[in-house]
Amino acid sequence: MAPTRQKSKKRPPLEYSWASNNNDSLDHLTFFNHFSHLSRRTVTSRFNNLLKNYIVDETTKKQVHEKYQTWRTSNEARIYWSEREAHQKKLIASNNNMAASSLNSSNAASSLDDSASSSGSSSSVSTTSSVGLNSKEIRELMKSNTFPINNENALKINDVNILQRFHEFQNSLGTCDLTYKDHLHHILSTLGILLVKKNQHPDLLKFIDNKTASMMQENTFEQIGLHSQKFSRDLLVQLFEIVQQYITEKITMIKASQQLLALINEEGNNYQNKVILCFKSLIEQLPNDSFETKELELTSRFIQPMLQPLFEEKAENVYFRSTNTQTEEYKKDTMKCSSKRPDGCITLKTLDINLGFMEIKEEMYKKNKAKLNKDLYKLGIFSKDAIVQNNLLGVLSFQIVGTSISFYLTEQQCKGFYTMTELDHLDAPENLKEIPKLIGFVDNLCNLLHVFKTRCRQQ
(Lines give C-alpha, C1' and ligand atoms only; values in the text may rest on other atoms or scores of the structure.)
Protein backbone atom coordinates (compact mmCIF):
# COMPACT_ATOMS: atom_id res chain seq x y z
CA MET A 1 0.00 0.00 0.00
CA ALA A 2 1.38 3.36 -1.03
CA PRO A 3 2.19 5.72 1.84
CA THR A 4 -0.33 8.44 2.49
CA ARG A 5 0.97 11.86 1.40
CA GLN A 6 0.80 14.36 4.24
CA LYS A 7 -0.62 17.75 3.52
CA SER A 8 1.91 20.53 4.03
CA LYS A 9 0.91 23.26 6.42
CA LYS A 10 -0.27 26.39 4.69
CA ARG A 11 2.19 29.21 5.28
CA PRO A 12 0.67 32.46 6.55
CA PRO A 13 0.78 35.37 4.10
CA LEU A 14 3.58 37.92 4.31
CA GLU A 15 1.25 40.59 5.68
CA TYR A 16 0.56 38.40 8.72
CA SER A 17 4.28 38.17 9.42
CA TRP A 18 4.55 41.92 8.95
CA ALA A 19 1.70 42.56 11.40
CA SER A 20 3.30 40.27 13.97
CA ASN A 21 6.56 42.24 13.76
CA ASN A 22 4.86 45.65 13.76
CA ASN A 23 2.17 45.14 16.33
CA ASP A 24 3.00 48.41 18.07
CA SER A 25 2.98 50.53 14.92
CA LEU A 26 0.15 49.22 12.74
CA ASP A 27 -0.49 51.88 10.12
CA HIS A 28 -1.60 51.82 6.47
CA LEU A 29 1.32 53.97 5.21
CA THR A 30 3.89 51.87 7.03
CA PHE A 31 2.34 48.77 5.44
CA PHE A 32 2.22 50.30 1.94
CA ASN A 33 5.81 51.50 2.16
CA HIS A 34 7.02 48.09 3.36
CA PHE A 35 5.44 46.41 0.32
CA SER A 36 6.49 49.22 -2.04
CA HIS A 37 7.02 46.80 -4.96
CA LEU A 38 3.33 45.88 -5.13
CA SER A 39 0.76 47.66 -7.27
CA ARG A 40 -1.83 49.89 -5.65
CA ARG A 41 -4.60 47.35 -6.26
CA THR A 42 -2.60 44.44 -4.80
CA VAL A 43 -1.24 46.23 -1.75
CA THR A 44 -4.63 47.70 -0.76
CA SER A 45 -6.24 44.28 -1.20
CA ARG A 46 -3.65 42.70 1.07
CA PHE A 47 -4.03 45.48 3.61
CA ASN A 48 -7.80 44.97 3.72
CA ASN A 49 -7.22 41.23 4.09
CA LEU A 50 -4.88 41.95 7.00
CA LEU A 51 -7.52 44.08 8.72
CA LYS A 52 -10.23 41.52 8.17
CA ASN A 53 -8.45 38.28 9.05
CA TYR A 54 -5.24 38.82 10.97
CA ILE A 55 -5.74 41.66 13.49
CA VAL A 56 -7.34 40.07 16.53
CA ASP A 57 -7.73 43.07 18.81
CA GLU A 58 -11.02 44.73 17.84
CA THR A 59 -10.06 48.15 19.19
CA THR A 60 -6.83 48.20 17.18
CA LYS A 61 -8.65 46.93 14.10
CA LYS A 62 -11.24 49.69 14.36
CA GLN A 63 -8.65 52.44 14.86
CA VAL A 64 -6.49 51.32 11.93
CA HIS A 65 -9.54 50.89 9.68
CA GLU A 66 -11.03 54.31 10.49
CA LYS A 67 -7.69 56.02 9.99
CA TYR A 68 -7.26 54.36 6.61
CA GLN A 69 -10.81 55.11 5.45
CA THR A 70 -10.36 58.80 6.19
CA TRP A 71 -6.95 58.92 4.51
CA ARG A 72 -7.89 57.03 1.33
CA THR A 73 -10.17 59.84 0.07
CA SER A 74 -7.81 62.68 1.01
CA ASN A 75 -5.54 64.79 -1.22
CA GLU A 76 -2.59 63.29 0.63
CA ALA A 77 -3.62 59.83 -0.60
CA ARG A 78 -3.94 60.97 -4.20
CA ILE A 79 -0.48 62.48 -4.16
CA TYR A 80 0.96 59.42 -2.41
CA TRP A 81 -0.36 56.98 -5.02
CA SER A 82 0.74 59.22 -7.86
CA GLU A 83 4.31 59.45 -6.55
CA ARG A 84 4.39 55.73 -5.75
CA GLU A 85 3.28 54.81 -9.26
CA ALA A 86 5.84 57.19 -10.78
CA HIS A 87 8.59 55.72 -8.63
CA GLN A 88 7.67 52.18 -9.67
CA LYS A 89 7.66 53.18 -13.34
CA LYS A 90 11.06 54.79 -12.88
CA LEU A 91 12.43 51.59 -11.34
CA ILE A 92 11.01 49.52 -14.20
CA ALA A 93 12.51 51.90 -16.76
CA SER A 94 15.83 51.78 -14.95
CA ASN A 95 15.81 47.98 -14.89
CA ASN A 96 14.88 47.83 -18.56
CA ASN A 97 17.62 50.29 -19.37
CA MET A 98 20.17 48.24 -17.44
CA ALA A 99 19.08 45.11 -19.27
CA ALA A 100 19.30 46.90 -22.61
CA SER A 101 22.72 48.29 -21.72
CA SER A 102 23.88 44.81 -20.79
CA LEU A 103 22.66 43.40 -24.09
CA ASN A 104 24.19 46.23 -26.06
CA SER A 105 27.48 45.81 -24.23
CA SER A 106 27.48 42.18 -25.28
CA ASN A 107 26.82 43.11 -28.88
CA ALA A 108 29.55 45.74 -28.73
CA ALA A 109 32.19 43.03 -28.92
CA SER A 110 31.20 42.46 -32.52
CA SER A 111 29.96 45.94 -33.47
CA LEU A 112 31.30 49.33 -32.36
CA ASP A 113 28.37 51.06 -34.00
CA ASP A 114 25.92 49.13 -31.84
CA SER A 115 27.90 50.19 -28.77
CA ALA A 116 27.61 53.85 -29.65
CA SER A 117 23.89 53.42 -30.23
CA SER A 118 23.55 51.81 -26.81
CA SER A 119 25.29 54.79 -25.17
CA GLY A 120 22.87 57.21 -26.79
CA SER A 121 19.86 55.18 -25.66
CA SER A 122 21.08 55.15 -22.07
CA SER A 123 21.47 58.92 -22.03
CA SER A 124 17.90 59.53 -23.16
CA VAL A 125 16.48 57.48 -20.29
CA SER A 126 18.44 59.38 -17.64
CA THR A 127 16.96 62.75 -18.64
CA THR A 128 13.32 61.79 -18.02
CA SER A 129 11.57 64.71 -16.30
CA SER A 130 10.32 64.32 -12.73
CA VAL A 131 6.77 63.48 -11.73
CA GLY A 132 4.37 66.19 -10.61
CA LEU A 133 0.56 66.29 -10.61
CA ASN A 134 -1.88 64.95 -13.17
CA SER A 135 -5.05 66.77 -14.21
CA LYS A 136 -7.29 64.85 -11.79
CA GLU A 137 -5.05 65.66 -8.83
CA ILE A 138 -4.95 69.32 -9.86
CA ARG A 139 -8.75 69.51 -9.89
CA GLU A 140 -9.04 67.84 -6.48
CA LEU A 141 -6.41 70.09 -4.88
CA MET A 142 -7.92 73.22 -6.40
CA LYS A 143 -11.33 72.21 -5.12
CA SER A 144 -10.10 72.05 -1.51
CA ASN A 145 -7.60 74.94 -1.64
CA THR A 146 -9.48 77.67 -3.51
CA PHE A 147 -11.62 80.03 -1.42
CA PRO A 148 -13.98 82.83 -2.44
CA ILE A 149 -12.48 86.30 -2.49
CA ASN A 150 -14.27 88.04 0.39
CA ASN A 151 -11.60 90.57 1.33
CA GLU A 152 -10.54 92.81 -1.52
CA ASN A 153 -7.80 94.39 0.56
CA ALA A 154 -6.19 91.10 1.63
CA LEU A 155 -3.00 92.01 -0.24
CA LYS A 156 -2.72 94.97 -2.58
CA ILE A 157 0.40 96.34 -4.24
CA ASN A 158 -0.06 99.67 -6.07
CA ASP A 159 -3.77 98.98 -6.50
CA VAL A 160 -3.04 95.49 -7.87
CA ASN A 161 -5.21 92.98 -6.02
CA ILE A 162 -2.70 90.15 -5.59
CA LEU A 163 -5.31 87.70 -4.31
CA GLN A 164 -7.51 88.33 -7.37
CA ARG A 165 -4.56 87.88 -9.73
CA PHE A 166 -3.50 84.72 -7.89
CA HIS A 167 -7.00 83.26 -8.28
CA GLU A 168 -6.87 84.03 -11.99
CA PHE A 169 -3.52 82.22 -12.21
CA GLN A 170 -4.99 79.22 -10.37
CA ASN A 171 -7.96 79.12 -12.74
CA SER A 172 -5.61 79.21 -15.75
CA LEU A 173 -3.99 75.86 -14.91
CA GLY A 174 -6.37 73.93 -17.14
CA THR A 175 -6.10 70.16 -17.56
CA CYS A 176 -2.43 69.69 -18.49
CA ASP A 177 -0.17 67.64 -16.21
CA LEU A 178 2.30 69.61 -14.08
CA THR A 179 5.90 68.58 -13.37
CA TYR A 180 8.19 69.67 -10.57
CA LYS A 181 10.85 70.49 -13.13
CA ASP A 182 8.80 72.98 -15.14
CA HIS A 183 5.78 74.01 -13.03
CA LEU A 184 6.79 74.70 -9.41
CA HIS A 185 4.72 77.91 -9.16
CA HIS A 186 1.71 76.10 -10.60
CA ILE A 187 1.95 73.11 -8.23
CA LEU A 188 2.35 75.35 -5.16
CA SER A 189 -0.66 77.38 -6.29
CA THR A 190 -2.84 74.26 -6.07
CA LEU A 191 -2.13 74.40 -2.32
CA GLY A 192 -3.00 78.10 -2.15
CA ILE A 193 0.68 79.13 -1.96
CA LEU A 194 2.12 82.00 -4.01
CA LEU A 195 5.90 81.67 -4.37
CA VAL A 196 7.51 85.11 -4.43
CA LYS A 197 11.12 85.15 -5.62
CA LYS A 198 13.32 86.30 -8.46
CA ASN A 199 12.77 84.69 -11.86
CA GLN A 200 9.04 84.09 -11.65
CA HIS A 201 7.54 81.58 -14.10
CA PRO A 202 6.45 83.14 -17.44
CA ASP A 203 2.90 81.82 -16.92
CA LEU A 204 2.65 83.65 -13.57
CA LEU A 205 4.08 86.84 -15.10
CA LYS A 206 0.91 87.11 -17.19
CA PHE A 207 -0.94 87.87 -13.95
CA ILE A 208 1.72 89.22 -11.55
CA ASP A 209 4.60 90.89 -13.40
CA ASN A 210 8.19 91.16 -12.19
CA LYS A 211 7.76 94.75 -11.00
CA THR A 212 4.77 93.80 -8.85
CA ALA A 213 6.51 90.68 -7.52
CA SER A 214 9.58 92.75 -6.63
CA MET A 215 7.39 95.27 -4.82
CA MET A 216 5.70 92.41 -2.97
CA GLN A 217 9.09 91.27 -1.74
CA GLU A 218 10.10 94.75 -0.63
CA ASN A 219 6.76 95.24 1.08
CA THR A 220 7.23 91.96 2.97
CA PHE A 221 10.81 92.89 3.91
CA GLU A 222 9.60 96.19 5.38
CA GLN A 223 6.74 94.60 7.32
CA ILE A 224 8.92 91.90 8.91
CA GLY A 225 11.90 94.19 9.56
CA LEU A 226 14.34 92.29 7.36
CA HIS A 227 16.68 95.31 7.14
CA SER A 228 16.18 96.61 10.68
CA GLN A 229 19.21 95.09 12.43
CA LYS A 230 22.87 96.15 12.41
CA PHE A 231 25.80 94.27 13.91
CA SER A 232 28.05 96.54 16.03
CA ARG A 233 30.92 97.75 13.86
CA ASP A 234 33.33 97.89 16.81
CA LEU A 235 32.43 94.32 17.68
CA LEU A 236 32.77 93.33 14.01
CA VAL A 237 36.38 94.57 13.89
CA GLN A 238 37.25 92.48 16.96
CA LEU A 239 35.46 89.44 15.52
CA PHE A 240 37.33 89.71 12.24
CA GLU A 241 40.68 90.10 14.01
CA ILE A 242 40.16 86.93 16.09
CA VAL A 243 39.15 84.90 13.04
CA GLN A 244 42.13 86.16 11.03
CA GLN A 245 44.58 85.40 13.81
CA TYR A 246 43.29 81.85 14.07
CA ILE A 247 43.32 81.21 10.31
CA THR A 248 46.91 82.46 10.08
CA GLU A 249 47.82 80.24 13.04
CA LYS A 250 48.82 83.10 15.31
CA ILE A 251 46.53 81.75 18.02
CA THR A 252 45.18 78.28 18.78
CA MET A 253 41.59 77.16 18.35
CA ILE A 254 41.11 77.13 22.13
CA LYS A 255 42.45 80.69 22.39
CA ALA A 256 40.23 81.86 19.52
CA SER A 257 37.17 80.25 21.15
CA GLN A 258 37.95 81.93 24.46
CA GLN A 259 38.36 85.33 22.81
CA LEU A 260 35.09 84.96 20.91
CA LEU A 261 33.23 84.02 24.09
CA ALA A 262 34.71 87.12 25.73
CA LEU A 263 32.93 89.28 23.12
CA ILE A 264 29.51 88.07 24.28
CA ASN A 265 27.43 90.36 26.46
CA GLU A 266 24.63 88.35 28.07
CA GLU A 267 22.76 91.56 28.90
CA GLY A 268 23.23 92.92 25.38
CA ASN A 269 21.99 92.16 21.87
CA ASN A 270 21.11 88.46 21.68
CA TYR A 271 21.24 88.44 17.87
CA GLN A 272 24.87 89.55 18.01
CA ASN A 273 25.65 86.95 20.66
CA LYS A 274 24.25 84.21 18.44
CA VAL A 275 26.29 85.35 15.45
CA ILE A 276 29.45 85.25 17.57
CA LEU A 277 28.56 81.72 18.71
CA CYS A 278 28.07 80.79 15.05
CA PHE A 279 31.64 81.87 14.25
CA LYS A 280 32.94 79.99 17.30
CA SER A 281 31.18 76.83 16.12
CA LEU A 282 32.58 77.17 12.60
CA ILE A 283 36.22 77.55 13.65
CA GLU A 284 35.79 74.47 15.85
CA GLN A 285 34.05 72.29 13.23
CA LEU A 286 35.17 73.25 9.73
CA PRO A 287 38.03 71.34 8.08
CA ASN A 288 41.28 72.98 7.00
CA ASP A 289 40.49 72.25 3.34
CA SER A 290 37.29 71.51 1.43
CA PHE A 291 36.32 67.96 0.52
CA GLU A 292 33.33 66.27 -1.10
CA THR A 293 30.62 65.10 1.29
CA LYS A 294 27.39 63.11 1.17
CA GLU A 295 24.15 64.46 2.63
CA LEU A 296 24.64 63.15 6.17
CA GLU A 297 28.14 64.56 6.57
CA LEU A 298 27.15 67.74 4.75
CA THR A 299 24.57 68.31 7.47
CA SER A 300 26.75 67.42 10.45
CA ARG A 301 30.02 68.96 9.25
CA PHE A 302 28.92 72.20 7.52
CA ILE A 303 25.24 73.07 7.93
CA GLN A 304 24.47 72.21 11.54
CA PRO A 305 27.58 73.96 13.00
CA MET A 306 26.45 77.16 11.30
CA LEU A 307 22.67 77.13 11.73
CA GLN A 308 22.27 75.43 15.11
CA PRO A 309 23.97 78.21 17.18
CA LEU A 310 21.79 80.75 15.36
CA PHE A 311 18.34 79.18 15.61
CA GLU A 312 18.50 76.94 18.66
CA GLU A 313 17.49 78.48 21.99
CA LYS A 314 17.62 75.95 24.80
CA ALA A 315 16.39 78.45 27.39
CA GLU A 316 13.13 78.67 25.42
CA ASN A 317 13.08 74.93 24.58
CA VAL A 318 13.64 75.60 20.86
CA TYR A 319 15.84 73.04 19.10
CA PHE A 320 17.43 72.87 15.65
CA ARG A 321 17.09 69.21 14.64
CA SER A 322 18.31 67.00 11.79
CA THR A 323 15.51 64.46 11.90
CA ASN A 324 14.33 62.96 8.59
CA THR A 325 11.16 61.87 10.43
CA GLN A 326 7.53 62.80 9.95
CA THR A 327 6.59 66.21 11.31
CA GLU A 328 5.04 67.00 14.68
CA GLU A 329 2.03 68.31 12.77
CA TYR A 330 1.52 64.98 10.98
CA LYS A 331 1.76 63.07 14.27
CA LYS A 332 -1.13 65.18 15.62
CA ASP A 333 -3.30 65.13 12.49
CA THR A 334 -2.44 62.41 9.99
CA MET A 335 -5.45 63.23 7.83
CA LYS A 336 -4.77 66.91 7.13
CA CYS A 337 -0.96 67.08 7.25
CA SER A 338 1.70 65.76 4.91
CA SER A 339 3.37 62.45 5.74
CA LYS A 340 6.56 63.53 3.95
CA ARG A 341 9.75 63.82 6.00
CA PRO A 342 11.81 67.02 6.18
CA ASP A 343 15.59 66.71 6.46
CA GLY A 344 15.47 68.97 9.50
CA CYS A 345 13.26 71.27 11.52
CA ILE A 346 13.23 73.85 14.29
CA THR A 347 10.95 72.60 17.05
CA LEU A 348 9.45 74.28 20.08
CA LYS A 349 9.44 71.19 22.29
CA THR A 350 7.29 72.79 24.99
CA LEU A 351 4.33 72.62 22.60
CA ASP A 352 5.72 70.05 20.13
CA ILE A 353 5.27 72.42 17.20
CA ASN A 354 7.62 73.25 14.34
CA LEU A 355 8.70 76.81 13.60
CA GLY A 356 11.00 76.03 10.67
CA PHE A 357 12.00 73.33 8.17
CA MET A 358 15.06 72.33 6.17
CA GLU A 359 15.65 70.39 2.94
CA ILE A 360 19.20 69.44 1.89
CA LYS A 361 20.72 68.20 -1.35
CA GLU A 362 24.35 67.45 -2.16
CA GLU A 363 26.29 69.73 -4.51
CA MET A 364 25.91 67.18 -7.32
CA TYR A 365 22.19 68.07 -7.55
CA LYS A 366 22.64 71.82 -8.02
CA LYS A 367 21.51 71.60 -11.67
CA ASN A 368 18.75 69.04 -11.08
CA LYS A 369 15.80 71.39 -11.29
CA ALA A 370 13.20 68.68 -10.70
CA LYS A 371 14.71 67.54 -7.38
CA LEU A 372 15.34 71.09 -6.14
CA ASN A 373 11.83 72.23 -7.02
CA LYS A 374 10.33 69.19 -5.31
CA ASP A 375 12.27 70.09 -2.15
CA LEU A 376 10.90 73.64 -2.28
CA TYR A 377 7.40 72.24 -2.79
CA LYS A 378 7.86 70.06 0.32
CA LEU A 379 8.99 73.10 2.32
CA GLY A 380 5.81 74.88 1.22
CA ILE A 381 3.63 71.97 2.38
CA PHE A 382 5.40 71.65 5.76
CA SER A 383 5.18 75.40 6.36
CA LYS A 384 1.50 75.63 5.47
CA ASP A 385 0.66 72.63 7.70
CA ALA A 386 2.54 74.20 10.62
CA ILE A 387 0.82 77.57 10.20
CA VAL A 388 -2.66 76.03 10.06
CA GLN A 389 -2.18 73.44 12.81
CA ASN A 390 -0.28 75.68 15.23
CA ASN A 391 -1.84 79.09 14.50
CA LEU A 392 1.54 80.61 13.60
CA LEU A 393 2.27 84.01 12.11
CA GLY A 394 4.90 82.49 9.84
CA VAL A 395 7.38 79.66 9.28
CA LEU A 396 11.03 79.96 8.24
CA SER A 397 12.46 77.39 5.83
CA PHE A 398 15.91 76.63 4.47
CA GLN A 399 16.67 75.12 1.06
CA ILE A 400 20.27 73.92 1.07
CA VAL A 401 22.25 72.69 -1.93
CA GLY A 402 25.81 71.83 -1.01
CA THR A 403 26.74 74.79 1.20
CA SER A 404 24.42 77.23 -0.59
CA ILE A 405 21.48 78.26 1.60
CA SER A 406 18.25 80.03 0.56
CA PHE A 407 15.89 81.34 3.24
CA TYR A 408 12.08 81.54 2.82
CA LEU A 409 9.26 82.88 5.00
CA THR A 410 5.77 81.45 4.55
CA GLU A 411 2.83 83.50 5.88
CA GLN A 412 -0.95 83.25 5.70
CA GLN A 413 -2.40 86.38 4.12
CA CYS A 414 -6.05 85.32 4.48
CA LYS A 415 -8.02 82.08 4.52
CA GLY A 416 -6.71 79.79 1.80
CA PHE A 417 -4.00 82.19 0.59
CA TYR A 418 -0.33 81.95 1.59
CA THR A 419 2.82 83.68 0.41
CA MET A 420 6.22 81.97 0.41
CA THR A 421 8.77 84.76 0.07
CA GLU A 422 12.47 84.32 -0.62
CA LEU A 423 14.28 86.40 2.03
CA ASP A 424 17.98 85.93 1.43
CA HIS A 425 20.73 83.67 0.15
CA LEU A 426 24.25 82.90 1.34
CA ASP A 427 27.11 80.55 0.58
CA ALA A 428 28.29 78.99 3.82
CA PRO A 429 32.06 78.52 4.26
CA GLU A 430 33.37 75.06 3.34
CA ASN A 431 36.70 75.36 5.17
CA LEU A 432 38.52 77.56 7.68
CA LYS A 433 39.97 79.88 5.02
CA GLU A 434 36.45 80.76 3.80
CA ILE A 435 35.12 81.89 7.19
CA PRO A 436 36.06 85.58 6.58
CA LYS A 437 33.57 85.75 3.68
CA LEU A 438 30.81 85.36 6.27
CA ILE A 439 31.95 88.57 7.99
CA GLY A 440 30.15 90.61 5.35
CA PHE A 441 26.92 88.75 6.07
CA VAL A 442 26.62 89.43 9.81
CA ASP A 443 23.90 92.09 9.35
CA ASN A 444 21.90 89.63 7.24
CA LEU A 445 22.21 86.95 9.91
CA CYS A 446 20.95 89.36 12.59
CA ASN A 447 18.01 90.26 10.38
CA LEU A 448 17.11 86.61 9.74
CA LEU A 449 17.24 85.99 13.49
CA HIS A 450 14.95 88.98 14.01
CA VAL A 451 12.44 87.59 11.50
CA PHE A 452 12.54 84.18 13.14
CA LYS A 453 12.08 85.64 16.61
CA THR A 454 9.22 88.00 15.74
CA ARG A 455 7.36 86.16 12.96
CA CYS A 456 7.79 82.43 13.68
CA ARG A 457 5.54 82.30 16.72
CA GLN A 458 1.91 81.72 17.58
CA GLN A 459 -0.57 84.53 17.02
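**Entry 1: ground rules and overview**

I note first that a residue is called buried when its relative accessible area is under 20%, exposed when that area is over 50%, and partly exposed in between. I am working with a predicted model, so I keep that in mind throughout. For an overview, I looked up the secondary structure and found 18 helices and 11 strands in the protein. The protein has 459 residues, and 49% of them count as buried. I also checked contacts between residues at least 6 apart in sequence, and 63% of these join residues at least 24 apart.

**Entry 2: salt bridges**

I wanted the charged pairs next. Side chains of opposite charge can pair when their charged atoms come close. With a limit of 4 Å between a side-chain nitrogen of Lys or Arg and a carboxyl oxygen of Asp or Glu, I get 15 salt bridges. I picked out a few to look at with care.

Where does Arg455 find its partner? I traced a salt bridge from Arg455 to Glu411, with the closest N and O atoms 2.9 Å apart. Arg455 sits in helix α18 (residues 442-455) and Glu411 in strand β10 (residues 404-414), so this pair ties together parts that are 44 residues apart in sequence.

My next pair was Glu313 and Lys274, whose closest N and O atoms are 3.3 Å apart in a salt bridge. Glu313 belongs to the loop between α15 (295-311) and β6 (318-321), while Lys274 belongs to helix α14 (residues 270-285), so the bridge ties together parts 39 residues apart in sequence. I wrote down Lys274 as buried, at 9% relative accessibility, and Glu313 as partly exposed, at 22%.

Then I looked at a pair within one helix. Glu58 and Lys61 form a salt bridge with their closest N and O atoms 3.8 Å apart. The two are three residues apart in helix α4 (residues 58-72), so about one helical turn separates them. Glu58 is exposed, with a relative accessible area of 54%.

Finally, I found Lys230, Arg233 and Asp443 linked in a network of salt bridges.

**Entry 3: the sheet**

Strands of a sheet pair through backbone hydrogen bonds, either parallel or antiparallel. Here seven strands make an open sheet with mixed pairing, in the order β5-β11-β10-β9-β8-β7-β6. At its edges I find β5 (193-196) and β6, each of which pairs on one side only. On average, neighbouring strands of this sheet are turned by 20 degrees against each other, direction ignored. I see α18 packing on the sheet, where it touches β6, β7, β8, β9 (394-401), β10 and β11 (417-427), and its direction makes about 155 degrees with that of β11.

**Entry 4: a look at β7**

I followed β7 (residues 344-348) to its neighbours. On one side, four bridges join β7 to β6 in an antiparallel run, and Phe320 stands opposite Ile346. With β8 (residues 353-361), the pairing is antiparallel over five bridges. Which residues of β8 face Cys345 and Thr347? Cys345 has Phe357 as its bridge partner, and Thr347 stands opposite Asn354. The hairpin of β7 and β8 has four residues between the strands, and there Asp352 takes a positive phi near 55 degrees.

How covered is β7? I found five of its five residues buried. Gly344, Ile346 and Leu348 point one way from the strand, Cys345 and Thr347 point the other way, and both groups are buried.

**Entry 5: empty space**

Last, I checked for holes. Rolling a probe the size of a water molecule over the atoms shows where empty space is left. How many cavities of 30 Å³ or more turned up? I count one, and the largest cavity holds about 30 Å³ of space. I listed its lining as Arg321, Thr323, Thr325, Gln326, Thr327, Glu328, Cys345 and Asn354. Two of these names were already in my notes: Cys345 from β7, and Asn354, which stands opposite Thr347.

Notes:
Residues numbered from 1 in each chain as written. Predicted model: local features only at pLDDT ≥ 70, side-chain atom pairs only at ≥ 80, totals over all residues. Heavy atoms only, no water. Buried < 20%, exposed > 50% of the residue type's maximum accessible area, 1.4 Å probe, protein only. Pairing = 2+ DSSP bridges. Axes fitted to C-alpha atoms, helices over the stretch in contact; angles between N-to-C directions. Contact = heavy atoms within 4.5 Å. 1 Å grid on protein atoms, 1.4 Å probe; cavity = no way out; pocket = protein on both sides within 12 Å on 5 of 7 lines; lining within 4 Å. Points joined across faces, edges and corners; volume = space filled by probe spheres on them.
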